[in-house]
Amino acid sequence: MEADIDAETARVAEWFDRVRSERRRAGLTTTGAILFRSKKHMVRFGDALGRRGIPHRILGLGGLLSTPEVVDVVSALRVISDPTAGSSLIRLLAGPRWGIGLADLRALAELARRLATHDAALKPLDDVVAERVRAGAGEDRASLVDALDFVVRSTPDHGWMAAFTPQARARLKEAGAVFAGLRHATGAPLPELIRLIEAELLLDVELAANETRGPMRIASAQLRAFLDEVHAFLAADETGSLASLLAWLDHAEKVDEFAPRTEPPEDDVVQLLTIHGSKGLEWDAVAVVRMVTDELPSAPKDTKGWLGFGILPYEFRGDAAWLPSLPWRADAAPTQQDLKREIDLFVAAHRARQLDEDRRLAYVAVTRAREYLLLTASPWAGTKRPRPTGVFLREIADALGIDIDEPDLESNPFEGERRVLPWPIDALGARRERVEKAARRVREALDAPPAAPDDEVRMLLAERRARARHRSGPLPTRIPASRYKDFVPADGGVADTHFRPLPERPYRQTRIGTLFHEWVERRSGIPGRAASLDDALWDGHDEVDTASTGLDRLQERFLASEWANLKPIEVETEIDFTMVGPDGRPHVIICKLDAVYRRGDRVEIVDWKTGAPPKNAREREERMVQLELYRRAYHAKHGIPVSQIDVALYYVADDLVLRG
């Protein structure tokens, strides 16, 4: 057994490194896991794996909220939501994105206090007003977020900006502009807002460039896992507001997770999760850590059962037969000593029951390993008193005939030790020398004359030039409006996707969309158009099992939309019209209108979308091209002025409406 948690984390990382090396020599990949009774020490074990370059991923929201990249994202969410989130703002300003120094952070805090005592015209508050403000908002109402906004809108020669260094003024202005832009995006769906934060904080670049986080496919695994948790939250919370998300995250930080995890084991990735979350899973190599007294088994709690405040008496519970019983009713009135003895027996039964529950949990943990199992414990982990080896680890050692060498429980290795932590923390840490050396080599390569390309590079360049010369060809005579952007890109040229087609993966979601469109058509009571020849050219789909398509969810969203109670005047209508393409030739544009509604003296064309909404302005513009073609087609057929025709895209799964 190791003496302290630092040695324990290093031992676990070394063990995984050795097991992975042995299996790699045999041509095998390795799935691995570190199992914890609670999430308290997850990050420390993850850091030990990272120091050895072992790819790892923390599972579960509780553990994710302690990883640096997720903390940065949550901090940004707090800053754009709460003007008093000074601590979160300091973390981001002092972090690797902007690197604001201590002196400038102090100047920002002084600016916040100054703003708190002045009005909008930067004049000192009247004594009466200042007293009322203090009474209503408390003594410390200074906001670092407000101070940052002041830096953004102030000129460099403003008197209140004199305390900042020139570099800090430039960086603070950039940071303020970033957060102002994020505030404008708070109306977007939360997953989209989070992805925007990742991009603005350059977290994607930082993770990809950090070799200790593993290859690209898992470097951002924690952020993807956090986004999955946010999607789960949105599935349960209909409002999906930023405030409710932050409240949910605050609650998740305070509680352990007991739900089994759904993520499968990953090849050559060590997953860190609680034992509760490991139920039903299995890995090649498993380390069960912190098997010490008061952790595994855990410290006794709630031993008084229903005698505690606000707990339902066991007799009223459905599992009463499996819970300790307190015989508080008797034919003869019990004495005080009898009642005390029964209560003591009741508490002891509760302790025994909790130990049995932990024993079952320990059994779950040690049976998760397919081939390799490591059990560790260390008495010193920052506690005032040592935690000796737990009873479960001793029982396992006795059954295997192994003697446990208990470390010294008298001398605390952390006592008297002073650990100096510089702040702000160096973003590169031990990697600084290697990263700076690599940066110098890149700069030297950029300044050096270009190297002569080898034969393979020359051939690739020649192929690209030839493709650029000959890629354009005649556009097809008939072009579906939904595919128009694929033939005519935003620059007005002619795309080469039609002339150099690539095989496309058949998407199950496409068939789900077809089923949804058919359902909307049947519900309207209006027969749609018959299938045309173009359907065979553009809309071929494979059949799928409709029992698990998720069609019910789309139908529920539609029934809650603004069109649920409206009667369309047309459904599934095809209109073809002719227009001149970028090649100067006339082309027939095939427009398949999902639904047309009459709203007063205006006409509205709606296109149902069951896929993902556009992720950025460019994608939105491309999809709006389809709506504009619909508008022109309807005008060409019915003669209604284009100005009286409204168009809308409705992304049913996301309940998102985009209007032209």
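Visitor: Does E436 count as buried, partly exposed or exposed, and what is the relative accessibility behind that?
Guide: The model is a predicted one. Buried means under 20% relative accessible area and exposed means over 50%, with partly exposed in between. E436 therefore counts as partly exposed, its relative accessibility being 35%.

Visitor: How many salt bridges does the structure hold?
Guide: The criterion is a side-chain nitrogen of Lys or Arg within 4 Å of a carboxyl oxygen of Asp or Glu. The pair of E436 and R432 is one case, at 2.9 Å. The number for the structure is 34.

Visitor: How many residues apart are R290 and E8, which form a salt bridge?
Guide: The closest N and O atoms of R290 and E8 are 2.9 Å apart. R290 is in the loop between β4 (283-288) and α15 (336-366), while E8 is in helix α1, residues 5-25. The pair thus links distant parts of the chain, and the separation is 282 residues.

Visitor: Are R290 and E8 buried or exposed?
Guide: The cut-off for buried is under 20% relative accessible area. R290 has 4%, and E8 has 0%. Because both values fall under the cut-off, R290 and E8 are buried.

Visitor: Which parts of the chain does the salt bridge of E295 with R387 tie together?
Guide: The closest N and O atoms of E295 and R387 are 2.8 Å apart. E295 counts as buried at 13% relative accessibility, whereas R387 is partly exposed at 22%. The two residues are 92 apart in sequence, so the pair ties together the loop between β4 and α15 and the loop between β5 (369-375) and α16 (391-400).

Visitor: Where is the cis peptide bond from L296 to P297?
Guide: The bond from L296 to P297 has omega near 10°. The place of P297 is the loop between β4 and α15.

Visitor: Are α1 and α2 parallel, perpendicular or oblique to each other?
Guide: Two packed helices are described by the angle between their axes and the distance between the axes. For α1 and helix α2 (residues 42-51), the axes are 9 Å apart and the angle is about 50°. The crossing of α1 past α2 is right-handed. With that angle, α1 and α2 are therefore oblique.

Visitor: What kinds of residues make up the contact of α1 with α2?
Guide: From α1, the contact includes I5, V12 and F16. From α2, R44, F45, A48, L49 and R51 take part. The contact residues divide into eight nonpolar, one polar and four charged.

Visitor: Which residues is T9 in contact with, leaving aside its neighbours within four places in sequence?
Guide: T9 lies in helix α1. At 3% relative accessibility, T9 counts as buried. Its contacts beyond those neighbours are R44, F45, A48 and R51.

Visitor: What is the phi of E572, which is not a glycine?
Guide: E572 is found in strand β7, residues 570-580. E572 is buried, with a relative accessible area of 13%. Its phi is positive, at about 45°.

Visitor: And what is the phi of D655, also not a glycine?
Guide: D655 lies in the loop between β10 (645-651) and β11 (656-659). At 46% relative accessibility, D655 counts as partly exposed. Its phi is positive, at about 50°.

Visitor: What share of contacts between residues at least 6 apart in sequence joins residues at least 24 apart?
Guide: The protein chain has 23 helices and eleven strands. Of its 660 residues, 40% are buried. Among those contacts in the protein chain, the share is 72%.

Methods. Residues numbered from 1 in each chain as written. Predicted model: local features only at pLDDT ≥ 70, side-chain atom pairs only at ≥ 80, totals over all residues. Heavy atoms only, no water. Helix = DSSP H or I, 4+ residues; strand = E, 2+ residues; numbered from the N terminus. Buried < 20%, exposed > 50% of the residue type's maximum accessible area, 1.4 Å probe, protein only. Axes fitted to C-alpha atoms, helices over the stretch in contact; angles between N-to-C directions. Parallel < 35°, antiparallel > 145°, perpendicular 65-115°, else oblique. Left-handed = near helix turned anticlockwise from the far one by under 90°. Contact = heavy atoms within 4.5 Å. Nonpolar A, V, L, I, M, F, W, Y, C, P; charged D, E, K, R; others polar.
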